[in-house]
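This report describes a single protein chain and its fold. The confidence of the model is treated before its architecture.

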Amino acid sequence: MKGGTVQINWHDTKPVLTLDFHPESGLLATGGADYDIKLWLINSGEEQKKIPTATYQSSLSYHGSAVNILRFSPSGELLASGADGGELIMWKLHLVETGQAWKVLKSLSFHRKDVLDLQWSKDGAFLISGSVDNSCIIWDANKGSVLQILDAHFHYVQGVAWDPLSKYVASLSSDRTCRIYANKPLKSKGVEKMNYVCQHVIAKGGQQSVDCKAKSYLFHDETLPSFFRRLAWSPDGSFLLVPAGFYKMSPTSETVNTAYVFSRKDLSRPAVLLPGASKPVVAVRFCPVAFSLRGSNSESVVPIAILAGLHYAAITDISWSPNSQYLAVSSQDGYCTLVEFENDELGLPISLSGNKVTGNENNSPDIQKSKDMIIDLARNDDLVVVDSRGMEADKKAGSRTTEIEQKQGEPSTVVRSIPNETHREKTETTEGKTITAANDGFVSADSTPMETDKKAEAESKEGKLACPTSTKTPVQNKAAAKRRITPMAIDP
């Protein structure tokens, strides 16, 4: 694994607010506060043993304000992008004499204020968007028309997700609630019409400890210094992963920042929490590829890796390449980080039916749980450094980290493994990789206070979320104590 912050002119040094990989070509699209969408070709650095790089390809210029969210449709033929002022644009890929070009297909008009997040349905026929106007809108992508407005939230909708099995949609708001809507179609003249009805409003958890019997809020309030709370379904729909959570073991204990894992079998309450971020988690993303579990364990109880010291300002979005070779992270500091994984480094790819796609299990080294391995993304050389103290050479080659050195207060990223629930009864060898990003640049994902810019000042005047100001200074390279980070089951 090699990676680092790619210090090129991504968006004229302005904040990079969103990114997404094309599902077929692997091109990376980024959206920024410069009002532009840009396409990049990712170049592998494996042969030169360097970090991956990005080469500019083209720009999609149409928006008149900062681009907060963009997502390719599952087929890759369409691109949806949302911006300040309620702008929501659909782009279509066209064949031209010089190759391919993206052109505006439709402008979807209904949101009154900034669009912060959106997600396509698995068949690409619909999409859902969330906005500062406190609403979610479900759109007919073919007609460009509004199918349904979900306006039950009392504050900004900062994250939306579409169930890959097309039964649910989910939204997360700064009103401290996550809402799960179930599709209960209405029949009219023999024709079924999509109709999403709120099934769960998740706001408070049950008893968190013996000493604390009152129900407590599960999510951070509107003072969270981020405009985004990007949640995600697992590719097979088994799990819903929700950021911006926090947890207390007792009334006097410190607050633990977490992402919650909801099982499809019971979406009324979280089943597991994933702690570890030093600041609130603002984005999560599942890897599109499923892998066989490494070693003889039925599941991974610790992160595969924690990447710290990535950025000087808050992380805004994260994305996996379609073949899981690359992981991309965008930040308010105006830069993106690219991480490249070696072949089979994350495990042996398998289909969701449990069959291995590539790789030879006999050649895959057993994974040892070593307390001595540290993975750190160092800013000085932009390389992932594996420090194996006292490990035997053969173990060093095949081990995954279980205890990871984390620089407190820096944006970071955590990569974890989550078993595939749908197929757990058939086999205990499947797992899905998930990435969580925090408000301090921590990927699993942390967040640091966002740097003041013109957009933040303008938005504060309009009553948007207040973001504390900070001076952009180099992160201090503090020695941090190693600590074990493990998922925890939540009692009913």
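## Confidence of the model

pLDDT is the predictor's confidence in each residue, on a scale from 0 to 100, and a contact means heavy atoms within 4.5 Å. The structure is a predicted model. Across the protein chain the pLDDT averages 78, and 71% of the residues reach at least 70.

Two stretches call for caution. Over residues 422-430 the pLDDT stays under 50, and the model gives this stretch 20 contacts beyond four places in sequence. Residues 445-486 likewise have a pLDDT below 50, with 129 contacts in the model beyond near neighbours in sequence. Where pLDDT is low, the predicted coordinates should not be read in detail.

## Overall composition

How many helices and strands make up the secondary structure of the protein chain? The count is two helices and 40 strands. Of the 492 residues in the chain, 58% are buried.

The contacts also reach across the sequence: among those between residues at least 6 apart, 61% join residues at least 24 apart.

Arg71 stands opposite Ala80 in β7.

## The sheet β10 to β13

A further open sheet has four strands in the order β10-β11-β12-β13, again with antiparallel pairing. Neighbouring strands here are turned by 25 degrees against each other on average, with direction ignored. The partner of β13 is strand β12 (residues 136-140), and the two are joined in the antiparallel sense over five bridges. Asp140 stands opposite Ser145 in β13.

Leu147 also belongs to strand β13.

Strand β28 (residues 315-320) has six of its six residues buried, so it is largely enclosed by the rest of the structure. β28 pairs with strand β29 (residues 326-331) in the antiparallel sense, over five bridges. Trp320 stands opposite Leu327 in β29.

The two strands, β28 and β29, form a hairpin with five residues between them. Ser324, in the turn, has a positive phi of about 70 degrees.

## Loop residues with positive phi

Positive phi values in residues other than glycine also occur in loops. Thr13 has a phi near 65 degrees and lies in the loop between β1 (2-6) and β2 (16-21). With a relative accessibility of 61%, Thr13 counts as exposed.

Lys49, which is not a glycine either, has a positive phi of about 55 degrees. This residue is located in the loop between β4 (36-43) and β5 (53-61). Lys49 counts as exposed, at 62% relative accessibility.

## The largest pocket

The largest pocket holds about 1100 Å³ of space. Its lining consists of 44 residues, and those nearest its centre are Gln119, Trp233, Pro235, Phe286 and Pro288.

Which strand supplies the largest share of the lining? Strand β26 (residues 281-292) does, with seven residues.

Terms used:
Residues numbered from 1 in each chain as written. Predicted model: local features only at pLDDT ≥ 70, side-chain atom pairs only at ≥ 80, totals over all residues. Heavy atoms only, no water. Pairing = 2+ DSSP bridges. Axes fitted to C-alpha atoms, helices over the stretch in contact; angles between N-to-C directions. Buried < 20%, exposed > 50% of the residue type's maximum accessible area, 1.4 Å probe, protein only. 1 Å grid on protein atoms, 1.4 Å probe; cavity = no way out; pocket = protein on both sides within 12 Å on 5 of 7 lines; lining within 4 Å. Points joined across faces, edges and corners; volume = space filled by probe spheres on them.
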